[in-house]
Amino acid sequence: MHFAYNGAETEALSGVSLRIAPGETVALVGETGAGKSTAMKLVARFYDPTAGAVRVDGVDLRELDMAGYRQRLGLVPQEPYLFGSTVGEAIAYGRPDATAEAIAQAARAVGAARMIASLAGGYDHPVGERGRGLSAGQRQLIALARAELVNPDILLLDEATAALDVASEAAVNRATDALTRRRTTLVVAHRLTTASRADRIIVLDGGRIVEEGTHDQLLDLDGRYAQLWDAFTGMYDKRSA
Ligand SMILES: Nc1ncnc2c1ncn2[C@@H]1O[C@H](COP(=O)(O)OP(=O)(O)O)[C@@H](O)[C@H]1O
Ligand SMILES: [Mg+2]
């Protein structure tokens, strides 16, 4: 599969061939500009490939009914915008008919219930413009609960780059695990702890797949992923020092 943005001289994705099994979690890693977000956008059909095809259950996305397909899709963007005026409404966005019990169930399923209970007013806590007053970790937990409530069978998760404190990071990791467990997931992993827990890791560089395997396989390979992992764990050591 190939893809070039309109007017671009070089392809953003070049000869990328990737097959994801039902229920599998695949993590995309790579430097800025490698093509990770572009790959997600093609799966969501924000764009069509310039050559080749993106297929779901063997069917070319261009032949699918988009409204039906989008309902099967859970999208967690990098900087989740919280719609609605309260935490409860923000979770229910995408399923406005959801009952309070269904909303609470989704929050429990991703482990966000305790965080919400700690907010003044709980589910009635105001979210405001861009979730002002909520931390990055709290916003991410709400976005993950929102995706859980939609109950998609395909999940596209573009992980936030914002640094989280240790407690929030643990909560977000648990929520991500709960959400991805039974679902076919493509995650752009900015935190390599997320990549390390995926069933498979794809390393993109300059629009091409340069490495592919499990965390252990790629560490053994001692290539690009191993370098990224060393840099990442080194950064962690410095942060906690
Ligand atoms: N809307 C766009 N128009 C033109 N070029 C783009 C656009 N979005 C991304 N690109 C280019 O495509 C390449 C891949 O970008 P992207 O998929 O965003 O990388 P990543 O998510 O890995 O950082 C980069 O060279 C980037 O500059
Ligand atoms: Mg990106």
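These questions and answers cover the ligand site and the domain contact of a predicted model.

Me: What is the make-up, by class, of the shell around ligand 1?
Reply: The residues surrounding ligand 1 include Tyr-5, Ala-12, Glu-31, Lys-36 and Thr-38. Glu and Lys count as charged, Tyr and Ala as nonpolar. By class, the shell has three nonpolar, two charged and five polar residues.

Me: Which residue has a side-chain N or O atom 2.8 Å from an oxygen atom of ligand 1?
Reply: The side chain of Tyr-5 places an N or O atom 3.4 Å from a nitrogen atom of the ligand. Ser-37 uses a polar backbone atom, 2.9 Å from a ligand oxygen. The side-chain N or O atom at 2.8 Å from a ligand oxygen belongs to Lys-36.

Me: How much area is buried between domain 1 and domain 2?
Reply: Domain 1 spans 1-72 + 153-241, and domain 2 spans 82-151. Their C-alpha centres are 25 Å apart. In the contact, 16 residues of domain 1 meet 11 of domain 2. Carbon and sulfur atoms give 62% of the buried area, which is about 1000 Å².

Me: Which side chains meet in a salt bridge, N to O, at 3.3 Å?
Reply: The count between the two domains is one salt bridge. In domain 1, Ala-175, Leu-179 and Arg-183 lose the most area to domain 2, together 37% of what that side buries. One of these three, Arg-183, is also a salt-bridge partner. The 3.3 Å pair is Arg-183 and Glu-148.

Notes. Residues are numbered from 1 along each chain as its sequence is written. Chains are lettered from A and ligands numbered from 1 in the order in which they are written. This is a predicted model: local features need pLDDT of at least 70, side-chain atom pairs count only at pLDDT 80 or more; totals for chains, interfaces and linings use all residues. Side-chain values use heavy atoms; hydrogens and water are left out. A residue is near a molecule or strand if one of its heavy atoms lies within 4 Å of it. A polar contact is a pair of N or O atoms within 3.5 Å; within protein, one must be able to donate a hydrogen and the other to accept it, and residues adjacent in sequence count only if both atoms are side-chain atoms. Domain bounds come from an automatic or database domain assignment. Contact means heavy atoms within 4.5 Å. Buried area is the accessible area (1.4 Å probe) that two parts lose on being put together, summed over both. A salt bridge is a side-chain nitrogen of Lys or Arg within 4 Å of a carboxyl oxygen of Asp or Glu.
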